[in-house]
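Trainee: Before we start, I would like to go through the terms used for this model and see what each label rests on.

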Amino acid sequence: MLTGGCFCNAIRYEARGTPFHETNCHCSICRRTTGAPFVTWFSVRSSDFRITKGEPTLFNSTEKGVRSFCARCGTQLIFQHADFPDEIDVTTGSLDNPELVPPRDNTRTSTRLRWVASTDSRNTRKLVSKDKIVSEEVTIRPFTERDAAQVRQLFITVNRLLSPPDLRDAFEAYIERALTEEIDRIPAYYGERNGGFWVAVKGDEVVGTFGLERASDDAMELRRMYVDPLARRRGIARQMLRLAEDECRRRNVSWLELSTAEIQQEALALYKNAGYRLVREKTSRRLATRLSVLVSVDIISKRFCDKWVSRCCSW
Ligand SMILES: [Zn+2]
Ligand SMILES: [Zn+2]
């Protein structure tokens, strides 16, 4: 659950559900009603949002648009539009932890101020990531509770990047379910399955994840292998895969299985280059009901040999 409020604390709110439409809005109304060059927003379903303290003051900024702010300190909190009664836009900056809901794109860029640096995700990310990522080494270590928020965010980010626009709702439902069943309870989930969960860390930043769960007496399943989009093409996935294999050897398990969807071409290439072979294609039951486009899932498996890992695994 997300919580936030105005600067003076007279008004507090909470938002449940998975945020959507996270964006930097460069329209002149956002600018003039806040005095800031642009405003970052996210949306939630109206039923998922509630004011828990105080009462915001409302004003119509357009015929159908209503903005709410704290009459005492002036913080703008929410925007509602008569044509979209089921959505509430919330100012990301009023969250207690705005880091949890980064913007995905920019809206109304035709009115973006020319001196506002482009915050299109690719550009910013490259700039931000260069120093950070190149200069620090990646460490892969077991998950701890203090990684939870970052792991959650990485999970959401990666899955949203994979979501084709026409399947957005289905992906959001999938994300929501996976958060509840697995990602928000990692120690319990992987403990119950005789497995483990690891994070790849650069400095304080979680840049990768993977989990292992017992698939059978002689096999572990590799799950949730995600790399931060900012940190890709730096060998992090390969490093994590190697550690997963080591963990299998340590447990005397000779098979490592993984499934990946057709749309994850980069992941497929990585596994194939690392000596994995396709053992079967199947229709994923978990995604079948909603994600019919993505249901052709490749199951890839690799056998380890203690002595000649690379040779006997080249199939
Ligand atoms: Zn206030
Ligand atoms: Zn706006």
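Mentor: Start with T91, which lies in strand 9 (residues 87-91). Strands here are DSSP runs of E with at least two residues, helices are runs of H or I with at least four, and both are numbered from the N terminus. This is a predicted model, in which local features need pLDDT of at least 70, side-chain atom pairs count only at pLDDT 80 or more, and totals for chains, interfaces and linings use all residues. Residues are numbered from 1 along each chain as its sequence is written, and chains are lettered from A and ligands numbered from 1 in the order in which they are written.

Trainee: Why is T91 called buried?

Mentor: A residue is buried if 20 or more other C-beta atoms, placed from the backbone, lie within 10 Å of its own, exposed if 12 or fewer, and partly exposed in between. T91 has 25 such atoms within 10 Å, so T91 is buried.

Trainee: Which residues does T91 touch, leaving out those up to four places away in sequence?

Mentor: They are V39, W41, Q76 and L77. Contact requires C-beta atoms, placed from the backbone, within 7 Å.

Trainee: What makes H21 partly exposed, and what stands out in its phi?

Mentor: H21, in strand 3 (residues 20-25), has 15 C-beta neighbours inside 10 Å and therefore counts as partly exposed. The phi of H21 is near 50°, a positive value in a residue other than glycine. Most residues other than glycine have a negative phi.

Trainee: Is N194 buried or exposed?

Mentor: N194 has 11 other C-beta atoms within 10 Å and is therefore exposed. N194 sits in the loop between helix 5 (186-192) and strand 12 (196-202), and its phi, near 55°, is also positive in a residue other than glycine.

Trainee: How do you know that strand 1 and strand 2 pair?

Mentor: Two strands pair if DSSP finds at least two bridges between them. Strand 1 and strand 2 (residues 12-15) have four bridges, in the antiparallel sense.

Trainee: What is the order of the strands in the open sheet of three?

Mentor: The order is 1-2-5, with antiparallel pairing. Strand 1 (2-5) and strand 5 (49-53) each have a single partner strand, so they stand at the edges, one side of each being left without a neighbour in the sheet.

Trainee: How many helices and strands are there in the chain?

Mentor: The chain has nine helices and 17 strands. Of its 315 residues, 28% are buried.

Notes:
Contact = placed C-beta atoms within 7 Å.
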